[in-house]
Amino acid sequence: RFIVLGRAAGLNGRKLVEDIVRCVSRHDIAGARKLSRLSDAPAAQVAAAMLLVKDADLPRLQAAADDAATLALSPLSRRVPHLNVLANVATLLGLLGTISGLITAFSAVGAADPAQRSAFMAAGISTALNATAFGLITAIFAMIAHSVLANKANKILEEIDEFGVKLIDLLSARRYRATGQKTD
């Protein structure tokens with residue numbers, strides 16, 4: 001997920017957006033379409049879908065942008081929620097190890113001879129604390145990774161939404177100037 005989201009964020013979407021907006025502002029729709037096909041960036045996929053809409057009225061443009069954004073963002077957020085599940089499972093496994101270690105420690109106290117009780121007790125408590133530490137460390141890293149990846153995906157989504165609004169405004173204004181009719 002780090003690689004996929006890093007690649008999507010690093011495709012220089014901001015420059016692409018500026019170039020496509022510049023083309024549409026100059027009424028060069030063919031140039032904007034060509035630019036959008038040259039990139040794998042999610043913003044380019046949204047632009048390509050919007051630029052293919054005939055009779056670019058506001059509802060059609062918005063629907064095209066929403067559909068393309070859904071398709072473009074689906075691979076970016078895939079399996080990210082699994083990190084939350086991993087964090088919860090790691091915490092619960094750590095707790096299970098803690099309980100298991102404490103059961104071992106307390107059962108050793110009752111069954112062992114007095115000379116070995118402290119050794120068995122220490123071994124059981126050590127197992128309990130090691131399980132707790134391992135579970136918490138795993139959970140912490142999984143939660144951090146989830147947060148980073150979810151924030152990256154949200155940032156890409158926000159950029160796509162911002163770009164979609166700009167492009168819809170430009171294409172709607174272009175249609176208004178061409179037909180003289182106000183768009184909804």
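Q: Why is R22 called partly exposed?
A: In this predicted model the relative accessibility of R22 is 42%, and because buried means under 20% relative accessible area, exposed over 50% and partly exposed in between (1.4 Å probe, protein chains only), R22 counts as partly exposed. As the model is predicted, local features need pLDDT of at least 70 and side-chain atom pairs count only at pLDDT 80 or more, while totals for chains, interfaces and linings use all residues. Residues are numbered from 1 along each chain as its sequence is written, and side-chain values use heavy atoms, with hydrogens and water left out.

Q: What makes the meeting of the D19 and R22 side chains a salt bridge?
A: The N to O distance between D19 and R22 is 2.9 Å, and a salt bridge is a side-chain nitrogen of Lys or Arg within 4 Å of a carboxyl oxygen of Asp or Glu, so the pair qualifies. D19 is buried, because its relative accessible area is 16%.

Q: How far apart along helix 2 are D19 and R22?
A: D19 and R22 are 3 residues apart in helix 2 (residues 13–25), which means that about one helical turn separates them; helices here are DSSP runs (H or I, at least four residues), numbered from the N terminus.

Q: How do you know that K166 forms a salt bridge with E162?
A: The closest N and O atoms of K166 and E162 are 3.7 Å apart, which is within the 4 Å of the definition, so the pair counts. A search of the whole structure finds 2 salt bridges.

Q: Why is helix 4 called roughly antiparallel to helix 5?
A: Helix 4 and helix 5 pack at about 150 degrees with their axes 8 Å apart, the axes being lines fitted to C-alpha atoms, for helices over the stretch in contact, with angles from 0 to 180 degrees between N-to-C directions. Because angles under 35 degrees count as roughly parallel, over 145 as roughly antiparallel, 65 to 115 as roughly perpendicular and the rest as oblique, helix 4 is roughly antiparallel to helix 5.

Q: Which residues of helix 4 and helix 5 meet?
A: P42, Q45, V46, A49 and M50 of helix 4 meet residues of helix 5 including L61, A64, A65 and L76, where contact means heavy atoms within 4.5 Å.

Q: What makes S36 buried?
A: S36 has a relative accessible area of 3%, and because that is under 20%, S36 is called buried. The residue lies in helix 3 and, leaving aside its neighbours within four places in sequence, is in contact with I20, A44, A47, A48 and L51.

Q: Why does R60 count as partly exposed?
A: The relative accessibility of R60 is 44%, which is between 20% and 50%, so R60 counts as partly exposed. R60 belongs to helix 5 (residues 58–77) and, not counting residues up to four places away in sequence, touches V53, K54 and D55.

Key: Helices (H or I, at least four residues) and strands (E, at least two) are DSSP runs, numbered from the N terminus.
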